[in-house]
Structure formats: structure tokens, C-alpha cells
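The following paragraphs guide a new reader through the structure shown here. They take up strands, then aromatic rings, and finally a single residue.

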Amino acid sequence: MTTLHAAHVALPVSALREATVVCPGCSTGCRVSATVGDGRMPLLAADSAAAPNFGRTCDRVNQLSEKAGRLWDRLRFPMMRRHRGDDLGRVSWDQALTHAADEIQRAQISRGRQSVGWLDLGRLDMESAYLFAKLFKGFLGSNNTDVLGGQRAATQLYTRAFGADGSPACFDDIEHAQVILLADIDLATTHPVLFERIMDHRLASPHCRLMVIDSKRTTTASRADVYVPAAPGKTATILQLVAKRLLAQGHFDARFVRRQSEGFTDYRVLLESMDETVLLSQCGVHPGRIDEIVEFVADGSRLLSFTSSTSGQRDSDESGPSEQRSREVGAALVNLQLQLGQVGQGGTGLFMLDEIDLPFDPATVGVGAALLPGHRSVGSASQRLWLEQTWGVLEGSIPIQPGLNAEQMLAAAGQRELSVLWLTGEPIDPQLTSEPSFLEALAAVDFVILQTSDAGSPLAQHADVLLPSAHWLETTGTTVNAERRVLRSHRLLDPPGEAKPDWWVAARTAEFMGFAGFHYDHVGEVWNELISLTADTVCDYSGLRDERLGGEPMHWPCPHRHHPGLARRYASGRFLTPSGRARFLPMNISHAG
């Protein structure tokens, strides 16, 4: 664990400003108490009683606070240029947003509503993401909204298997697990706070076993009881081999499968059709390694699994898109947990973790080409109509067709099929935004709006309007961690110059376009509007009004103001699919007998 910043000088109490802030460095969502004096370098301390990190933290919180404390590389004022090739010049907010609004409306008049798109680069809070989704989908009539490198795989798998986004487990399940399985994730590096919690549990419970499947002998793998070295891209196949071996030995929860799941017959037939010899050869794994995993999970031990929502992204030698590998590994883990009936009880379930960002909940805020706020879909006429009436826009304002996702938007931009692209946030993976294809796509767009805190961003050379956004410690906003815990981070520092919160920029731009329904006096009003849209849905946040977010963070769902929040889902055995049963997921098995 990392030692946090300590105070070097004594400051008078009256000179101090204090706040509880949430680190956006990974999907754990560590909370720390922050204090700042006359300078901008915060003094941080983790509270041993504060969930979800309970006094632990890592280097990322220090690195992010150091960046927030620097002023020399911060964008402080709006800037714009009238023509490509001109230098960016400082302007007022009114000038910048008027120019942006005019160009968006001009593009839609000349080339249609779908000629504009919004792409978040990372670390946007829930309120800001919601307002961009509201602006683009409800008022501009474009479903071209997405997050670069986002958690689409996790959202889709959770929703398809259980009927709703979000892990069925909570971090407290670590202390109840008897077997912990990590697949394609170096948890010691990506989520050190969670890894230390697992290590503490192993120390307190010697019978708990840690198993790791990974193509590299990572720091995490070196601490495992069982390490299975997978060939690159073959982790899902190894998990399927484990499931096949368990099934052959009669290890499946017959009662759970019969009463609480669907799709098991097809799943079983497919497993039994696998040619184990061929697949073992492909994976480069000795059969004894498979037996080791089978031995630990065959006795009904409580199994808790972890994988990455961007599995394999760190392995350049692996073939195929990392998102597809994430789906394959995630689907294999879902199926294994369901086969064993290991969902909904203490110490069971699975997590698909974002490695380098604390993301907003895309299905709740409606970010994604086919999503609308409150886990709604653009394909549902009744759901579109309800939102149109709620937002006060004309019927038919929200397009029926899904928009373009991140990759499709960039491809369309490169083909000059996208006229305006609005970029927000901090690049959580600079490699993605520095690739020639990304920069070439920006160069081909007629008009680029870049909303960032980084004055030295390499993307700035392609921006026609450059908007200074408040950094992590300079704004109040809400995020959700991997266990569905709703976390409010409070403003500690004043933004430099004229920098503004991201939600303010979205709302103000909408007002410059003449749209009603975007006047908010503070971020809490945005939050309350967002959660009102989730009432009576599978992602019901409606009991978590702004005034409740100042205390101990609670989990969603939380359907009313007296509800404590639900930490562990599906304990009743009923899922949120139309049938009320969990669904086994299709598998991609390349070789069968």
C-alpha cells in the first residue's frame, strides 16, 4: 500500500478547506479525506472506516492529485479558431459556445441530424454524461454517443445474463469467498486495494484459495495458489475446459439450473461436443492444471470471479480485439458461476472491472449508441415516447435507429461522413488517442470541439473550439464503482482561470441553442433529474436523492428514500430477465469433436 501525502507545514484552521473525494483511477472508487491550504497540492488521508477502501489506497490517487495541483499545464480559458490552420485564440465562454452551437446546428441543417457525435475519452461523472446524452439524443436527435474504450462488454454480459447491468456481487463477498478466480486480470497492478483485501482474507482464512489464469506470470500470478499459464487469447477456452470437466464429473447445481436458469441444455451439448485434446493443445496447458482448478471448485466452495472489462488490452501479442476477448472470458465466467449455482449468495458472483478508470454507469445515464437513460433502449417506441414527454421535446425527436459507437464514429469521421465531433474528458488510455488512425479521423472532421483540462493535449491541434474543464478535485460529481456503490466526490479546489465543470458546459451549450430544460443552479439538480428517470426500472436509483449522498455511500438499486441500498443482488433467486431466470450465454468454441 502507498503512503499518502503528509502535511509539510502547519496551516491555520481557517486557511484549510476539506472535502471527501473519490479517486477516479480505477473501478474500486477509493474515498479519501482531502485538505488543501493556500497552495493547490492536497493533503490526503484515507479513513479506515470509509467504504469501499477502508483506509487503503495506492499510487494513483497521489498521481492524480499532483496533476490537479499543477497549473502550468492546465487549460484555463476558452479558445477557438475560425478557420483550420489559424492559431487558437482566447475568447469568452459566450463566444466559444455560440460558435460551437452555430456549427452544430449548421451541420445538422446541411447534412442531417446524424452528422454530429459526442465521444467521451474517460473520467466523466454521471451528471455530465447524462446531460450530454440528453442534449444529443433528446434535443439534437443524434444517437451517436459513446465512451472510447468503454465497458460495453461488461454492460452487455451482465444485462444479457441477469437482466440488468451491474455486478451481482459486492466487495464484502471477498471476505466470504472460499475460492477466488482471477482470469486475464493483474489485480495487484490494476486494483491494488482490492488485491490487498484478498490477501488479507487469505491470511485470515487459510483455506481460501486464489487461482489465476493469465498469459503472463504477473505480480498477481506470483501470489496465487494455482497459476494456469494460458496461451495468448485462450483464457476463455481454459474456463470452458474447466466447466466441461466439472460437468463430466456431475458437478453442477441441478436445482439452480432447473428452477433459476435457462439455456443450460444448449450449453451442456456444446461443452460435451468439445474436443478436449485439441483445445488443450491450443491452450498450451497441461491437463493437470485444469484438474487443479476443478479440484478446488468441485466441492461446492463459494466461488468469486474477477476479470477485466478490457481483457487482453495489455497484451499486444494477443490476436483479436480486446473487447471481444473480454466478452469471451466474461461469458465463460458467467456460465461457470451459473453451472455451479454460484450467484446471489455471500462469497459468490463475478466482477468485470475497468482497469484504468472509474466509469459512469452507461446504461443508467443513457450513453451508448443504442441506450437511453434508465436502462432504456432506442428501439422501444414506448420508452422513447416516455422520455420525449419527460424532456418536453416533440414526439419522434429521439431517433429509432441506434447511433454509431466509438469505433464507428471514428471510421465515419475518417470517411468525412461526420461533420462535428465533440470530445470530452481525459484520455484514460493515451495510446488510443495517439494512434494515427484516431488523429487522421479528427483531421477529417469539419468541426472538432475538445473539452479538456490539459493545455498540452496533442488533440488540441485538431480542435476548432477548446473548452477548459474542471479537473478531478475541482468539481462535485457522482460516479458508481464496480460493486454498484454510488459515490459522491466533492469539490476541493477552485478551477483555475475560467475552467468549468463538464455538466455546466453541456447545459450552457444547450441553452445557447435555445433548448429548454437545461437550467440548473447546482449539480445536485442534475443528479435528482437523472435518478427520477430510473424509478421502477431495473436500475432504480430514485431513493438516492442528492441530500443522501453526503453520508456513507450506498449501493443501487435503492428504490425509495428509506431504502438502505442493495449490496448483493439476486439473493431471492429471481433475476431481472423476462422469465425471471438467469441465462447461460453463447460460447465461441473454435474446435469441437
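**Strands, rings and a buried alanine**

Strand E12 (residues 303-308) and strand E13 pair in the parallel sense, and 5 bridges join them. The model under discussion is a predicted one. Within this pairing, threonine 307 stands opposite methionine 352 of E13.

Another part of the model to consider is an open sheet of 7 strands, in the order E5-E4-E18-E17-E16-E6-E7 and with mixed pairing. Its edges are formed by strand E5 (89-90) and strand E7 (145-147); each has a single partner strand, so one side of each is left without a neighbour in the sheet. The partner of E7 is strand E6 (residues 116-120), which runs parallel to E7 and is joined to it by 3 bridges.

The structure holds 19 aromatic pairs. In one of them, tryptophan 93 and tryptophan 504 have ring centres 5.2 Å apart and planes at 75°; an angle over 60 degrees counts as edge-to-face, so this pair belongs to that class. The two residues come from distant parts of the chain, 411 residues apart: tryptophan 93 lies in helix H2 (residues 93-111) and tryptophan 504 in helix H19 (residues 502-512). Tryptophan 93 is buried, with a relative accessible area of 8%, whereas tryptophan 504 is partly exposed, at 24%. The ring of tryptophan 504 also has the charged end of lysine 500 over it, 5.1 Å from the ring centre.

Phenylalanine 264 and phenylalanine 584 form a tilted aromatic pair, with 5.4 Å from centre to centre and 55° between the planes. Phenylalanine 264 lies in helix H10 (residues 264-272) and phenylalanine 584 in the segment after strand E21 (582-583), so the pair ties together parts that are 320 residues apart in sequence. Phenylalanine 264 counts as buried at 10% relative accessibility, and phenylalanine 584 is buried at 8%. Elsewhere, ring pairs link Trp118, Phe132, Phe136 and Trp422 into a cluster. The charged end of arginine 484 sits over the ring of tryptophan 556, 5.9 Å from its centre.

The last stop is alanine 161, which is found in helix H4 (residues 152-162). Is this alanine 161 buried or exposed? Its relative accessibility is 0%, and the limit for a buried residue is under 20%, so alanine 161 counts as buried. Leaving aside residues up to four places away in sequence, alanine 161 touches Val334, Thr577, Arg581, Ala582, Arg583 and Leu585. Alanine 161 and asparagine 335 are 174 residues apart in sequence, while their C-alpha atoms are 8.8 Å apart in space.

Conventions. Residues numbered from 1 in each chain as written. Predicted model: local features only at pLDDT ≥ 70, side-chain atom pairs only at ≥ 80, totals over all residues. Heavy atoms only, no water. Pairing = 2+ DSSP bridges. Helix = DSSP H or I, 4+ residues; strand = E, 2+ residues; numbered from the N terminus. Phe/Tyr/Trp six-rings, centres within 6.5 Å; stacked < 30°, edge-to-face > 60°. Buried < 20%, exposed > 50% of the residue type's maximum accessible area, 1.4 Å probe, protein only. Lys NZ or Arg CZ within 6 Å of the ring centre and 35° of its normal. Contact = heavy atoms within 4.5 Å.
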